[in-house]
Amino acid sequence: MTQPEPSIDASGDRSIAAQNIDHAHTGDVIGLPAEILTAARDVPAPPRLTNLAPPPLCLGRDDALVEVRAALTRDSGTAITQASTVHGLGGIGKTTLALAYAHRHRHAYSLIWWINAESPGRIEQSLADLAMGLFPAWAGKASPEERAAWATSWLQWHPGWLLVFDNVENPTDLAPYLGALDGGHHLITSRRAAGWPRTIRTLPLGTLSPEEAAELICSYAFTGGTPTPRELQDARALAADLGHLPLALEQAGAYLAQNPTIGIDAYRRRLPTKLDKAADGIDSQRTIARIWTQTLQALTARNPHAVEVLHTLAWLAPDDIPISLLETPDTDPDGLHETLGLLRAYSMVSLTRHTISIHRLLQAVLRSTALTSPDDLPAGRHSAEDALVRALRPLGPPITSEATAWDALMPQLIALATTMPQGHHEDRAAGLYDAAAQHVYKQGHDARTVPLRKAVLAQCEQHLGDTHPDTLISRNNLANAYQEAGDLDRAISLHETVLAQSEQHLGDTHPDTLLSRINLAGAYQAAGDLDRAIPLHVTVLTQCEQHLGDTHPHTLTARNNLAGAYQEAGDLDRAIPLLEATLTQCEQHLGDTHPDTLLSRHNLAGAYQAAGDLDRAISLYETVLTQSEQHLGDTHPHTLTARNNLAGAYQEAGDLNRATPLYETVLTQREQHLGDTHRRTMISRNNLAGAYQAAGDLDRAISLYETVLTQCEQHLGDTHPLTQTLRANLAHARDTEPRPQ
């Protein structure tokens, strides 16, 4: 078990103020060398470059296809991206419709790229793949982040493309792209019907008409002939039983095609006689479950291994699962590929040469039917765990040489952690979750570790007990991940629990207890509760000095965080000497470029800025930013904070030409890496609005202030300090606005 992670305060982002959804950032998305960004401008796309799957069978959607085209091409003479979102319940055919549109209008676009948009990480990976297709000579040697940034820059330079964002779970994940990329079309599929920006035109997608549904069944079942009038009648009845749900119709038709001696009516009689429906319409999971019962029986009789493969896939990420994961030491490669071909024939999966994908709805049905009794192991669970263990355990911890392999399988590992069955005590991949979480944490993306941290904590609680030291460490790390994700209520609650348990079972001055106290004080401070934060900071610093020594890492952290709290309370006379002492000690005992030294230097710069000493502040900020880019990476949260605060110092010095582009870059990066409503993203929007206001662009400033104030009220509460500051900033901007004569 890893050590508990401290929550070291970077003293936050200085200037507090606003939001930017509409801004189209045209600068560098990430700090790439100038010659590489020039290449993004100069590299042409190969003719009709695309990564589309083969054209689908898309019956009964002609009107919808026309509507999508109209939405995307409306106002085509302007520079505004026309974005159309196709949404609906699982199995309704959103992806099929988007794929059919892309193929129908393939010659209208210079490039079409299909993006897995289930999470920010998957979007980034899809863009990294685009860079490989456009500029393989460079991209093959670059990191995924660098490739994604290059692809984004390429899209900014070259118009006429279509990006298909498939299966968007959170509309805010697209904010960095819808605003920054305005030279082509965005087509989005999502189950979310609400929460979209006003610039997005939505197309609610319903089930097929009775005639279209019957035609879809027959198109699969009678590939070599024409159905009789009786068969058409039976197809209409079967389609009605299946709620006219395209995925259900497709799978029923595929079953009939594979079993031509079974008529439509006989197949229908084998289904339950009554379709259970949810109160608000079709219960798609029950519909698929009814079909699955018969398909399972047919597959079991024909190829039992196919059923085992399906149950394994149920516990992994639905898209782009490497086929190599299914290869055990005794696997017959030919047999495996025949099995996968059979599953595709039954419309259970889709295949590429190296990957396999399965519909999310089918996965849900498989997981819900995997347990035959409460004492049984869920079908396929162990084989899914074993697959990840075989792939990752031989690599060892994800150090630099193994990082790429770990990153490639991270979606599978996160899916495995997320789908852990209740009460599952013997997860064979449990040892991988902690290593994966540490890997993502060290990349600066602790917010993305939440599902992994939850799985680690569940295993610790089950095997070690609620108050074992490793359990407390795991609970602390999950609290830090919640805090980084902006979920302060859960973070504070967990930190309070850990501290109480540490005091009781480890003692009041145990190093882990002191660290827990440090982290709780930091969480209080992040929530704006300085009345509870400062006394706790003072207490823990005194205890660290007495019991650990003046230069222990915990002591340095406690001293840094107390100084930050003093500064936040406006007490610079106490903050600056503490920060100067902390920096000197960090340089002596940790080294000049240790992450904690960089944070300490950064925080001292902020204190100098608050005291009005801009020359010393800017010089320190510039040093910290250069060192952070070199040693932490261009999009590490601490690098983004340094870039943001340097912009604030430039603005305070009256240099808006340097401040505004930095603010814009930070906002784009935070939207991409932290999410649209993370506290630091909202601060970044606010700061950009302040720069617009200082430049006299009140229309953009007020719009941003209004947007981010609404977000803060919704996500932080009406009385949070950031909300109150934003309200004051908006009022001041409105007062500054010229009155009509």
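Helices and strands here are DSSP runs numbered from the N terminus (helices H or I, at least four residues; strands E, at least two). The model is predicted, so local features need pLDDT of at least 70 and side-chain atom pairs count only at pLDDT 80 or more, while totals for chains, interfaces and linings use all residues. Residues are numbered from 1 along each chain as its sequence is written, and side-chain values use heavy atoms, leaving out hydrogens and water.

Strand β7 and strand β9 (residues 355–358) run antiparallel and are joined by 2 bridges; two strands pair if DSSP finds at least two bridges between them. The open sheet has 3 strands in the order β7-β9-β8, with antiparallel pairing. At its edges are β7 (321–322) and β8 (349–351), each pairing on one side only. Helix α13 (residues 304–313) packs on this sheet and touches β7, β8 and β9, where contact means heavy atoms within 4.5 Å. The direction of α13 makes about 75° with that of β9; axes are lines fitted to C-alpha atoms, for helices over the stretch in contact, and angles run from 0 to 180 degrees between N-to-C directions.

Now to the aromatic rings. Rings of Phe, Tyr and Trp (its six-membered ring) pair if their centres lie within 6.5 Å; planes under 30 degrees apart count as stacked, over 60 as edge-to-face and the rest as tilted. By this rule there are 6 aromatic pairs. One of them, F165 with Y177, is tilted, at 6.1 Å centre to centre and 35° between the planes. Because F165 lies in strand β4 (residues 161–166) and Y177 in helix α7 (residues 175–180), the pair ties together parts 12 residues apart in sequence. Both F165 and Y177 are buried, a term for under 20% relative accessible area, with exposed over 50% and partly exposed in between (1.4 Å probe, protein chains only).

Y255 and Y267 also form a tilted pair, because their ring centres are 5.0 Å apart and their planes at 40°. This pair links Y255 in helix α10 (residues 246–258) to Y267 in helix α11 (residues 264–270). Y255 is buried at 4% relative accessibility, and Y267 is buried at 0%. Elsewhere, ring pairs link F135, W138 and W150 into a cluster.

Finally, visit Q585 in helix α25 (residues 572–589). Q585 is buried, with a relative accessible area of 11%. Not counting residues up to four places away in sequence, Q585 touches D550, T551, L556, R559 and L590.
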